[in-house]
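Hello,

Here is the structure I promised to hand over. Please have a look at it first, and then read on for what turned up.

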Amino acid sequence: MSTPVTTAPRRRRTNPIHWLGFVLVGVIVLAGLVSFVWTPYALSDMAGGRLEAPNWQHWAGTDRLGRDLFTQLMIGARIALVVGSGAVAIGAAIGITTGVLAAFATRFFDDALAALFDILIAFPTLLIAMLVVAAREEASLGTAILALGIGLSPVVGRVTRILTKRILSQDYITAARVSGTSWPAIVFWHILPNIAPFLGVNLALQFGLAVMAEASLSYLGLGAPPPNASWGRMLQEAQSTVYTAPWGAVLPGLALFTLVIGVNLLADGLRDRFDPTQRGA
Amino acid sequence: MSDLLRVDGLCLATADKSLVEDLSFTIAPGERFGVIGESGSGKSLTALAITGLLPRAIRPSGQISLAGQQVVGASERQLAALRGPAVATVFQEPLTALDPLMPLGRQIALPVQRRLKREGADTSRTAVARDVRLLLDQVRLPDPDRLIHAFPHQVSGGQRQRVAIAMALACRPQLLIADEPTTALDVTTQAEIVKLITALVDELGIALLFISHDLAVVGQVAERVMVMRHGRAVETGPAAKVLTAPDDAYTRKLVDAARRFDTALEGRA
């Protein structure tokens, strides 16, 4: 009769690989935050010789105008984080809204929205982003965020739609309806919390993709304009000197790699930790 | 007009198949009514039709009048007003009928909150918490302090079903539909849940529509029973009569089979 109720989540050992994710993201976030109050040099300060290798004065070396690369990397971290979070926020807002609506809609609108998602997904994100930048007629940080957010939204929408449909077929939704729960309440109390663990992982992957796409946009000259240092533009600027000064290309690439893989590992770890159904029974 | 539920000539059909045909029965306020039938006989669909929750592909025709409101053809808004105050349901599998990511206390609190709001009563956190405690007490759940914070997978099947019953009662419905509430439970727990449901509906003056394929369970619970087969009612009458001296050939077969089974068990003992 009185089966013991275990409410305290059993402490499970966190997988060290998830800690690695936490540390990698932490390093980038820290660099981005510190860049607001301190950088070794001013961004456009031509403080060193041309194409210096990493040394005590310039920890990451200098570019071909003698500007400090470590400073640029720090500012780049800030840009990457802002663009990644902004794009994911916009993509999630559009994608989750349309995805939930599609799942609730009549057959016809559901099919129509699903087809629209598929068509938009078939479009390369970068191409959609370039169209948005072209439509705004200027390349700015805001445009890049908006463009990438719109580009990501159909993927989020499709995942949300499928997850929502799966939850809608569950008995507890019928149980909620039969006890008189309104649709908005069902969405907020039952559907969103239940799709969150899955959607969260997806959004983290999207964050990684957005950061990469921002680098691509900047590489193409469609990202944040010059006084801002984006990792993508650093890569582009280092391209012509990659044989004589490889660190100029290697270091931003490494930063990009660190952030993207860190976010993916962290997302995995967070899901394991916060999904109550995976806690000890 | 004094009937709480009046089903008259109810037919349920998909585009190419008839699932329930010409079903008629009534339930008076406070009455315990049992529906018996094999799987696929249309018992659960009938329950869904009463709450207006049929899948889109199934079209109802006929009359269902619940607490004076026509259900067939009613708008979603009218139905939403019925769900809760007029009818609540306890489902077969309590694990899937509870939100896996919501603490049990909160799942009971939501319908309590709605009811208090509907009644224009105090909906403060303490008022809701007090009612949740009361409900946990009513369904005889031990250790409410811990249960309130537990998730569905952390408690036993019987406890989950008690929580589901508490959620249904939280609406203070006039009619409680129990759709095979004991099928997913082991025999000892079954008996406890049946006893609990019977006691609670009597205590609170709620009418009960109890659906099961288990003759013995329905016999224990219901005052009046209806036997369904292939979407039709084959026999309706007082439980004592239908389950001891049935008129219908199919019912007789069911009762005989159950009796033979019992005798066989006794023979072994």
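A word on terms first: a residue is called buried under 20% relative accessible area, exposed over 50%, and partly exposed in between, using a 1.4 Å probe and protein chains only. Please also keep in mind that this is a predicted model, where local features need pLDDT of at least 70 and side-chain atom pairs count only at pLDDT 80 or more, while totals for chains, interfaces and linings use all residues. Residues are numbered from 1 along each chain as its sequence is written, chains are lettered from A and ligands numbered from 1 in the order in which they are written, and side-chain values use heavy atoms, leaving out hydrogens and water.

Let's start with the salt bridges (a side-chain nitrogen of Lys or Arg within 4 Å of a carboxyl oxygen of Asp or Glu). Over all chains, the whole structure holds 22 of them. In one, B:Arg83 meets B:Glu76, with the closest N and O atoms 3.1 Å apart. B:Glu76 is partly exposed at 36% relative accessible area, whereas B:Arg83 is buried at 4%.

Another joins the side chains of B:Asp131 and B:Arg115 at 2.4 Å, N to O. This pair links helix 5 (residues 125-138) and helix 4 (residues 104-118) of chain B; helices (H or I, at least four residues) and strands (E, at least two) are DSSP runs, numbered from the N terminus. Both B:Asp131 and B:Arg115 are buried.

In chain A, a network of salt bridges links A:Asp63, A:Arg67, A:Arg233 and A:Glu237.

Now to the sheet in chain B. Its 6 strands form an open sheet in the order 6-7-8-3-9-10, with mixed pairing; two strands pair if DSSP finds at least two bridges between them. Strand 6 (87-90) and strand 10 (232-238) of chain B are at the edges with a single partner strand each, so one side of each has no neighbour in the sheet.

Strand 3 (residues 32-37) and strand 8 (residues 207-212) of chain B run parallel, paired over 5 bridges. Across this pairing, B:Gly34 is opposite B:Phe210 in strand 8 of chain B.

One more salt bridge belongs here: the side chains of B:Asp202 and B:Arg32 meet at 3.1 Å, N to O. B:Asp202 is in helix 8 of chain B and B:Arg32 in strand 3 of chain B, so the pair ties together parts 170 residues apart in sequence. B:Arg32 counts as buried at 12% relative accessibility, while B:Asp202 is partly exposed at 42%.

Enjoy exploring!

Best wishes
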